[in-house]
Amino acid sequence: MYSPQSLHRWGITHSESLERLAYSQATRDPMAMERANLLNMAKLSIKGLIESALSFGRTLDSDYPPLQQFFVVMEHCLKHGLKVKKSFLGFNKSLWGPLELVEKLCPEAAEISASVRDLPGLKTPLGRARAWLRLALMQKRLADYLRLLITRKDLLSDFYEDSALMLEEEGAVIVGLLVGLNVIDANLCVKGEDLDSQVGVIDFSMYLKNDIDDYRSEERNSQIASILDQKNYVEELNRQLNSTVHGLQSRVDSLEKSNSKLIEELAIAKNNIIKLQEENQQLRSENNLILLKAQQHLEVAQGDVSLERDAYKQSRQGLDEMYNEARRQLKEECQLRQDVENELVAQVSMKQEMELAMKLLEKDIHEKQDTLIGLRHQLDEVKAINVEMYQKMQSSDEEMKKKNNVISRLEEKTNQITATMKQLEQRLQEAERHRTSAEDGSRRFKLDFAKKADSLQRQIEHREKQLQQLETDLKIEREWRQTLQNDLHRERETVSQLSTEALQINGLKKEFHRLQDENLQLKTVCEDQEQALEELGSKLSESKLKIEDIKEANKALQGGQVWLKDKEATHCKLCEKEFSISRRKHHCRNCGEIFCNSCSDNELPLPASPKPVRVCDTCHALLLQRCSSNAT
């Protein structure tokens, strides 16, 4: 892409070659002489306007003399060779006809044409054409619109004669010169001017310069060339920064891919858990089959006992003492049963407490996941701030040498910050691993505890059935004392079973205490992880504050901001109202954003410009606050 200044230089050199041809053809064609004169005047007016605007250093208004002369020269150039059209009032030459064609060639120009038609003070086509030129210059699209117009010579031939300036090569040269006007900012009020009755007279005294002015113009050209070289250097740096940004983006993509792989592994683990649950259900079904077989064996044993009961009906001596002993043993067994029930109630309460603790652990884990997501968002913001820091670099050649050292230091600091960010990400990954291990342990504990509780419940139901059988047997033995010996044998067997069950309960107590210890260890690990996360959050806040300080230092060193393009802004950044012809766009000289007149009606001196310049309301408040803090 060519810059406006390079196109302007090309237009000047090309116009000089055309001047030589024009002087040779002037003796033969008076229209060629007129085209050459208009080309020279356009070259002088555009060059003088660019140089005076750069030296003026701020937005141009409608009272600026070089700008007024530029519009007069452009009006003469567009009027050259216009065909005379007949009407009821007489003969008329109108510029509005060819300019109105731009709306058909470029849809973006429809807004300008509509606003020109809606202006109440314009009554003549000439006034509308003058307003159209001013609005196109404010949009910095005058060269583009006229380039589209001169390419359609079949349409222009209806309005211009064959030897008109717009149909010859001089028109293309003037359009190339107009590209240089894109570096100028103009704020023109179209409503208040009387564009219908203005007289377009060219003031030649502005372009008659002495040797001193020529020397000054050469110095200005050299300054402009140096500024353009600096701009090219800054653009090259911007390309390098864009390449680094693309590299960081590729790293982010690789991290996202690794995250997706971890999610797939998690899905595989969940499938394994489902398979284990299915195996557990199969084991439970097998356990039920084993219980059914045991009940069948027990019924067979009861049949054998009934046969033995018939055999021992004759032996009745010493049964009273044995009955008393059995009753005493029965009381002891009842006392043991009550103790077991109390222990079971305590275990159920402990189970409920463990479930509450697990719920609290799950809540803590979800909160930690939210904090991890917040930390990742903060990391993304830090990366975005680092990218913005690299994109805001504009300074002169002499100041760049001094600021390179500062920029290198800033880059070292950013590298340190990125290293700390990587360490923080590693710590976060370790915390996630600990959290997953804790979740697995809690799940295993729940499964084991549920299995043990089910087995205890079954044992209690079995014991209740046995007690009912014992009571029925005692009633029968009161009537039939001959069967006490067989009952005593059975009671001894139940005593042995209860002793084994008591031993099993003691083992369960030990396992319960061990699980409590593991739960305490998990709690300590979670507390350590929370402390680490709090430390990480404090470090992140400190790094964010350091980055903001670095950003402010970089802004102060650069002395300027990258201005937002006019095309990118359609609404005011503060009030969010849409821009139009009545609501104009204004750049804030501090932040570079675009605001309306009411949101940027403030002027303050900046370090880059000692004169008061236009700033927005937010920058105005910040600058006043800084001035007050510096004064204190």
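Gln 529 counts as buried because its relative accessibility is 9%, where buried means under 20% relative accessible area, exposed over 50% and partly exposed in between, with a 1.4 Å probe and protein chains only. Gln 529 sits in helix H14, residues 484-558; helices here are DSSP runs of H or I with at least four residues, numbered from the N terminus. Leaving out residues up to four places away in sequence, Gln 529 touches Lys 368, Ala 431, His 434 and Arg 435, with contact meaning heavy atoms within 4.5 Å.

A quick word on the ground rules. This is a predicted model, so local features need pLDDT of at least 70 and side-chain atom pairs count only at pLDDT 80 or more, while totals for chains, interfaces and linings use all residues. Residues are numbered from 1 along each chain as its sequence is written, and side-chain values use heavy atoms, with hydrogens and water left out.

Now for the salt bridges. Side chains of opposite charge can pair when their charged atoms come close. The cut-off used is a side-chain nitrogen of Lys or Arg within 4 Å of a carboxyl oxygen of Asp or Glu, and that rule gives a count of 14 salt bridges.

One of them joins Glu 75 to Arg 130, with the closest N and O atoms 2.9 Å apart. Glu 75 belongs to helix H3 (residues 65-79) and Arg 130 to helix H7, so this pair ties together parts 55 residues apart in sequence. Glu 75 is buried at 6% relative accessibility, and Arg 130 is buried too, at 5%.

Another salt bridge pairs Asp 454 with Arg 284, at 3.9 Å from N to O. Here Asp 454 is in helix H13 (residues 397-479) and Arg 284 in helix H11 (residues 211-311), so the linked parts are 170 residues apart in sequence. Asp 454 is partly exposed at 35% relative accessibility, and Arg 284 is partly exposed at 41%.

There's also a salt-bridge network linking Glu 108, Arg 141, Asp 144 and Arg 147.

Back to helix H7, this time with a neighbour. The axes of H6 (residues 110-118) and H7 (residues 125-138) come within 10 Å and cross at roughly 135°. Axes are lines fitted to C-alpha atoms, for helices over the stretch in contact, and angles run from 0 to 180 degrees between N-to-C directions. On the H6 side the contact is made by Ile 112, Ser 113, Ser 115 and Val 116, and on the H7 side by Arg 128, Ala 131, Trp 132, Leu 135 and Ala 136.

Terms used. Helix = DSSP H or I, 4+ residues; strand = E, 2+ residues; numbered from the N terminus.
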